[in-house]
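Thanks for coming, everyone. I would like to walk you through one structure, so please have a look at it before I go on.

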Amino acid sequence: MAEMLYARDVYGKTLVELGKLGKDIVVCDADLSGSTRTSLFAKEFPSRFFNFGVAEQNMMACSAGLASCGKVVFASTFAMFASGRAWDQVRNSICYSDLNVKIVATHAGITVGPDGASHQALEDIAILRAIPNIKIVVPSDGPETREAIFAAYETPGPFYVRLGRSKVPTIEGKAPFKLGKGYVLRQGSDVTIIACGLMVHEALSAWEQLKKENISAAVINIHTVKPIDEELIIDAARRTRGLVVCEEHSVIGGLASSVAEILSEKHPAKILKVGVRNRFGQSGEEKDLLREYQLTSGDIVARAKSLIL
Amino acid sequence: MLDSKKIKELEDKARQIRLMIVNMLARAGSGHPGGSLSSTDILTCLYFSVMRHNPKDPAWPDRDRFHLSKGHCCPALYAILAECGYFSKDELANLRKIGCMLQGHPDRHTPGIEVCSGSLGQGLSVALGMSLAGKLDGKGYRVHCLMGDGEIQEGNIWEAAMASAHHKCDNLCAILDYNGFQIDGRVSEVMGIEPLADKWRSFGWYVLEIDGHNMAAIHKAFDTAKKIKEKPTIIIAKTIKGKGVSFMENVVDFHGRAPSSEETVLAEKELSSKER
């Protein structure tokens, strides 16, 4: 049984780790520090933690001001509010100025669960990806979250790191995290499955099922949605007969769109999407929601088969 | 207190800046003269007698900060930055032209600009961030932020107002360029903002109300703000939109329209004739 971790637990602990290494970081939150786990940092380094209350726009623009004075700022809230409520502040105050603000958003995607549609960000990658200068990372599990946070700290400029609410299984055999570089988790020759976030685990389950049916699938983790690993994606399109792109996000504007944008210009290939299809989310248990919105390994298998059979 | 000689110097400087603004906007063919001219005296006083800054070293860590939240009034700021020596005055002729450093709204690539602005309502938050960083680092610098009166209709301003008082940011001084007009007309008719002083006081700010064209009063207000402890200060500066050019004064059309060539000649003549 794989180890199960909350990515946001790992995030909070990594902030403390950075703080203890003596790194000059400042952490901001907007009344969700318990949920985002920035509270762990707040407890250790109270003077370097700012809680802005329920005011995400102020938090983001203020983070820009802090960063303009040399601070590396981690700003956290739920993905819905980080991307939606404060988009203009993120675009104009943070990204246009190319400032060192690392937005680490939790509770992204449908697996937010019972809180329902208002809190299930399914469009965040789409609306942030279009902004110049920002880098977008969607870690697949706990350990990769730690690596992503370190990479964000070490790389100048704005970041959006997208984390979920629920526990995710730790994936065995991952490559060391390299910003902007995806990696092959399973080699295969018939079809390529590309995934990010918790869909990487589903993709690996799909690989098992396909193997039983003598279908050879490659599985690729694209943790950095922007800048995306074009080379790896084009290579996968060359080697296999088509791609299934999986994400806990709308099929409009996310990872699948990014892949399609590259391949349509550089190596046209058949792409099928596993993602949320132009719908709002709803309340429910995580597993039921993944099933309802067709985000399971079974859905990946069905798409993969329809590509090649 | 400033002596009368220094006041006269600042007034002359402001007149010179106004001439530069009119000239820049005429060349650019677009831009915002109204608010640039209403804020000229405040900005002149700040840069030439209040702030500690070094045009030869714009990144000097101990510099006082200025953030132009009402970014559309950057022609005034650009003229002043050039006059201070942050960059060559020749640059002013290229305002708003493709490839030029001087963008239609402030861009961080321009020496002297701390953070991009232009989308209204965000600047007080940005200034608050600078203020918090200064306190965190134990630095003595002050942070100034110029806002427009129409701009404070943005909700983000009040989030920042609340937070600045919460954090007792006494190194932060906001200035409101209260010229009474916004693009669609009189502020009082588009979306009233009064009672202004009461609003800011109730948000925990120390409030000063002054004539934003009286150089001695402006300087005195900044001086007072420095001495206020435990709370941020806002200087509500009553100003005249288009100040200094008779046919632009209180004319809403000049919020966002450059003067024609005939108007430019007239404006330059008026501003030059005021030289003493």
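This is a predicted model: local features need pLDDT of at least 70, side-chain atom pairs count only at pLDDT 80 or more; totals for chains, interfaces and linings use all residues.

Leaving aside neighbours within four places in sequence, K273(A) is in contact, meaning heavy atoms within 4.5 Å, with V245(A), V251(A), A256(A) and R303(A). Residues are numbered from 1 along each chain as its sequence is written, chains are lettered from A and ligands numbered from 1 in the order in which they are written, and side-chain values use heavy atoms, with hydrogens and water left out.

Coming back to K273(A), its relative accessible area is 28%, so the residue counts as partly exposed, a class that lies between buried, under 20% relative accessible area, and exposed, over 50%, with a 1.4 Å probe and protein chains only. I193(A) is 80 residues away from K273(A) in sequence, yet the two are 9.9 Å apart in space, C-alpha to C-alpha.

Now to where the chains meet: 27 residues of chain B and 25 residues of chain A take part in the contact. Across this interface the rule finds 1 salt bridge, defined as a side-chain nitrogen of Lys or Arg within 4 Å of a carboxyl oxygen of Asp or Glu. The side chains of K71(A) and D137(B) meet in a salt bridge, at 2.5 Å from N to O.
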